[in-house]
Number of protein chains: 2
Amino acid sequence: MLEFRRDPVIGRWVIISTERGLRPNDFHSATLPRSEALCPFCPGREHLTTPEIYALRQPNTAANAPGWTLRVIPNKFPALQIEGHLRQRADGIYDKMNGVGAHEVIVETPEHFLTLSDLPDHHVCEILMAYRSRILDLQNDHRFRYVMIFKNHGIAAGASLSHPHSQLIATPIIPKRVSEELSGAQAYYSYKDRCVFCDVINQEMDDRTRVIEQNDSFLAISPYAPRCPFETWILPRTHQAFFEQTRNGEMLHLAQILLSVLKRLNVVLENPPYNILIHNSPFDYKHPEAYHWHIEIMPRSTWIAGFEWGTGFYINPTPPEEAAEFLRIARI
Amino acid sequence: MLEFRRDPVIGRWVIISTERGLRPNDFHSATLPRSEALCPFCPGREHLTTPEIYALRQPNTAANAPGWTLRVIPNKFPALQIEGHLRQRADGIYDKMNGVGAHEVIVETPEHFLTLSDLPDHHVCEILMAYRSRILDLQNDHRFRYVMIFKNHGIAAGASLSHPHSQLIATPIIPKRVSEELSGAQAYYSYKDRCVFCDVINQEMDDRTRVIEQNDSFLAISPYAPRCPFETWILPRTHQAFFEQTRNGEMLHLAQILLSVLKRLNVVLENPPYNILIHNSPFDYKHPEAYHWHIEIMPRSTWIAGFEWGTGFYINPTPPEEAAEFLRIARI
């Protein structure tokens with residue numbers, strides 16, 4: 001079964017995806033990352049993955065063979081299926097549609113034991129450019145409206161394999177959290193005639209207490225109302241609605257500030273698990289003046305997530321001014 | 001610092017609460033439950049807690065001394081403070097107000113090593129009646145608009161003490177997730193002239209594939225679009241907007257079905273961590289015809305929560321029809 005189902009009260013779409021073949025016994029504890037000896041993402045085991053969609057390779061190396069520095073492959077256990085049509089339909093009072101979408105894995109490096117923050121800035125820049133390239137390609141598939149790019153680092157953050165990788169999901173619907181963010185930004189714009197994120201950037205640049213770091217193109221801050229301790233946002237300093245319009249020079253600046261922020265988090269929180277999520281505009285978004293793409297980084301700490309998940313209330317014991325101070329002074 | 005801060009884009013209020021005194025070192029790993037030897041909720045250590053607000057006691061025992069079977073106390077490390085006024089104000093482009101609210105702990109039993117599902121039904125009924133009593137009392141404080149009652153069981157679900165307890169938070173604002181649910185129910189009602197939850201109950205009672213159990217007053221189901229494997233809802237079978245209007249006879253039925261569902265989850269998922277949350281109407285809610293109070297139980301599994309938290313996408317590998325079947329046939 002691979003289907004989108006809509007909660008009849010909240011309107012939230014959930015993906016029911018049994019392809020991963022999990023049964024009750026699989027939920028007792030977190031999946032353990034596989035050791036290098038069994039890792040399907042390591043060089044020499046390309047035959048264990050689906051064929052690559054995109055790769056950076058040394059000259060004269062064959063596709064799906066060693067010699068790559070970065071590979072993008074369809075997820076072998078996809079949450080969505082790439083073929084077919086949505087076929088939206090009723091199920092009594094409920095609504096459902098087929099689970100059509102793309103689910104890809106970006107293998108960030110051939111080195112099993114490195115983490116994203118160990119890579120040089122030009123390599124991280126190539127990962128970001130791979131994201132951009134995949135978004136631009138998926139925009140040609142007219143069934144899709146949104147691409148979500150995310151990285152789960154560490155078991156507590158949802159990673160099931162330890163080899164450094166990120167993921168991409170392209171969907172025919174705009175996720176509820178994304179549309180809430182777009183609506184909020186549009187409401188602000190229609191009232192103020194200004195982008196809310198640009199206003200945030202201006203106030204933070206003046207105030208400085210929540211600024212972690214900046215370079216020519218980007219600003220890293222602890223946001224004013226963080227959901228968890230050390231939540232961090234990276235925003236382009238000038239207005240830009242689409243991540244995929246980032247130019248090569250800016251992409252290197254983005255790689256540099258992302259690396260620097262991850263190193264700061266590693267020092268202050270001693271290599272925490274984390275999620276990275278690119279908040280981007282949907283394809284063909286009609287209000288690019290109102291929305292400002294950015295990256296959100298959420299370090300994970302079990303009890304905080306537990307509280308929020310259970311109650312819908314975010315209670316954060318670390319003021320962002322204090323988090324920013326810790327991160328600013330961290331020796332990296 | 002104890003303050004509500006509003007995210008300027010999404011409009012979500014976050015509580016920044018430093019009273020718990022956590023510093024970066026406290027976030028490296030989950031808090032370990034204290035052993036019985038140090039547990040402040042055990043009988044004989046009443047002096048370690050704040051004075052009790054409510055208790056069930058044997059005749060001729062003094063308040064804040066042994067002899068109780070259930071106690072309600074203010075949380076010693078509250079996320080909110082009970083005194084003061086909201087004082088809503090601007091912080092540049094941002095919005096904030098004082099962190100006024102009530103945060104109480106319901107110590108469910110004097111027995112440190114039991115869990116909620118080990119208690120007899122009449123004792124669970126008394127816990128539910130304590131919730132009801134606290135809601136009715138807090139309604140007299142006109143600063144408050146909502147009471148959230150929840151239980152975090154197990155470290156992975158956010159519990160920091162292993163002694164069986166649940167919690168209550170009364171707030172001057174309606175949490176975003178609650179208002180989304182109310183809006184969704186009101187939109188359905190204004191279109192159909194029927195409560196969406198009553199429609200769900202009717203369809204589930206006819207269809208049976210997602211029904212786990214029922215008794216004279218309540219129905220337990222796997223919801224149509226569950227966010228996580230084995231998410232379970234318990235709903236009153238007839239329309240009722242307010243949990244606190246539940247009568248004593250119905251409360252015993254609620255205790256019975258809640259116990260039975262928890263035992264089923266324990267069998268199928270081998271004693272999982274879980275969150276229980278009572279979804280209730282706000283005080284003085286103006287559309288009681290549209291909303292139907294209910295209980296949501298979310299068993300926790302790390303990677304699922306990680307995925308959702310990071311991406312805003314719920315991907316669930318267990319169809320609710322399959323979960324309901326596992327739970328129905330569990331031997332309890």
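Q: Which residue is the bridge partner of A:Phe150 in E9(A)?
A: That's A:Gln167.

Q: Before I go on, what am I looking at?
A: A predicted model: local features need pLDDT of at least 70 and side-chain atom pairs count only at pLDDT 80 or more, while totals for chains, interfaces and linings use all residues. Residues are numbered from 1 along each chain as its sequence is written, with chains lettered from A and ligands numbered from 1 in the order in which they are written.

Q: OK, what's the strand order in the open sheet?
A: Ten strands, E3-E4-E7-E9-E8-E13-E14-E12-E11-E10 (chain A), with antiparallel pairing. Strand E3 (54-57) and strand E10 (211-214) of chain A are the edges, each pairing on one side only.

Q: Switching topic: how is chain A divided into domains?
A: Domain 1 is 2-20 + 35-174 and domain 2 is 177-329; the bounds come from an automatic or database domain assignment.

Q: How many residues are in contact between them?
A: 24 residues of domain 1 of chain A are in contact with 25 of domain 2 of chain A, contact meaning C-beta atoms, placed from the backbone, within 7 Å.

Q: And what gives the most on the domain 1 side?
A: H1(A), with eight residues.

Methods
Contact = placed C-beta atoms within 7 Å. Helix = DSSP H or I, 4+ residues; strand = E, 2+ residues; numbered from the N terminus. Pairing = 2+ DSSP bridges.
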